[in-house]
Amino acid sequence: MGRDVGLLGVPAQVEKAFYQSLRNLVAFYHLKGDCSSKLSYPMNIKQSFDKVEKAFMQQRTGLQVVILNDATHKACVATVKAYDTGPTLFYLPLQRLVFILGKRHKRRQADLLLSVCAYLLQVAGIPFFNDGFVGGEYDMIYEWYDSGSMDYDEADFAVVRETYRQKDYHGKKLLKSLRHSYHLQQFEARVKNFRAVGKKDKELLEVSKKLLSLYRQFPERSIMDNVFGNLIEPGEEERIYPDQYISFIWDGAGMVFDQLIESVNTSFQEMPAIEEPSAVQFFDRLPDSAQHDLFFEEQFFESLHLLADILFEL
């Protein structure tokens, strides 16, 4: 979304768009100081922006100010509010869901969880554990054991092999089920007809209602929709991405799980920047009020916290 100022297009058009949006930002936040520059393009833009950014950050709004370009903005000053995910792995284990699918007395809970997870997979965009970053981590961990790189005995490796056998076998079947439109179509009916018996059922019903409400309000909204690459700390090449810290995983305990968490945390410790969902307000026009709506993200991540607790304790 953002690019080097010198690559944004025709200088006169870029300067006009940039300085108009800069003046709007200065007026809206009542910033003091001179934002003009006597330098030639594109250094004039950099100097003016640096002045305003310094004054803006002194107000401690909790926002970042950036220059953005897209299909409708040549070079527009904008403010960004990122949802702070914190040092959290939003990992949702599914092994126990597979287990209770075979238990008749747990069928109501299992069906409701199938609808919840179908929404998270199909609409919200949470990756499955055999795919993407987490899938690659699982493959790497198995290679460590298989190549003899890990310090283990044969009994440990037997446990690991069985974990992977179950993960691969049940994972394929579960992914096919979660991709089916039926579970998503039944989401509302299952929430409506669910009768909570005990504390855990009530917690499951609560988080299901929250996610159903989000689905009703934002029927096509993915958690990845408001992730704009390189908005914050654009100079950092190595970054943590949402599909790395938000994912389904196979199980929530055991040797493979411990290795997964250790490997991911070690990898993330070396990353200087993180991509998070953000709300962006452009200043191509002078706005009436500040608008950084993170309602969806706030409700979504709160729900993931609750759902993760349920799945880990299932």
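The second largest pocket holds about 270 Å³ of space, a volume being the space filled by probe spheres set on grid points joined across faces, edges and corners. The model is predicted: local features need pLDDT of at least 70, side-chain atom pairs count only at pLDDT 80 or more, and totals for chains, interfaces and linings use all residues. Residues are numbered from 1 along each chain as its sequence is written, and side-chain values use heavy atoms, without hydrogens and water.

A pocket is an open set of points on a 1 Å grid over the protein atoms alone, where a 1.4 Å probe fits, with protein on both sides within 12 Å along at least five of seven lines; lining residues have an atom within 4 Å of a point. Here 15 residues form the lining. Lys106, Gln109, Lys200, Asp201 and Leu314 lie nearest the centre. Helix 3 (95–101), helix 4 and helix 9 each give two or more residues. Helix 9 supplies the largest share, four residues. The lining divides into seven nonpolar, one polar and seven charged residues.

Helix 4 (residues 107–122) and helix 9 (residues 199–217) also pack together, at an angle of about 30° and with axes 10 Å apart. Helix 4 is therefore roughly parallel to helix 9 (angles under 35 degrees). Contact (heavy atoms within 4.5 Å) involves Arg108, Gln109, Leu112, Leu113, Val116, Tyr119 and Leu120 of helix 4. Helix 9 contributes Asp201, Leu204, Ser208, Leu211, Leu214 and Tyr215. These contact residues comprise nine nonpolar, two polar and two charged.

Methods:
Axes are lines fitted to C-alpha atoms, for helices over the stretch in contact, and angles run from 0 to 180 degrees between N-to-C directions. Angles under 35 degrees count as roughly parallel, over 145 as roughly antiparallel, 65 to 115 as roughly perpendicular and the rest as oblique. Ala, Val, Leu, Ile, Met, Phe, Trp, Tyr, Cys and Pro count as nonpolar, Asp, Glu, Lys and Arg as charged, and the others, Gly among them, as polar.
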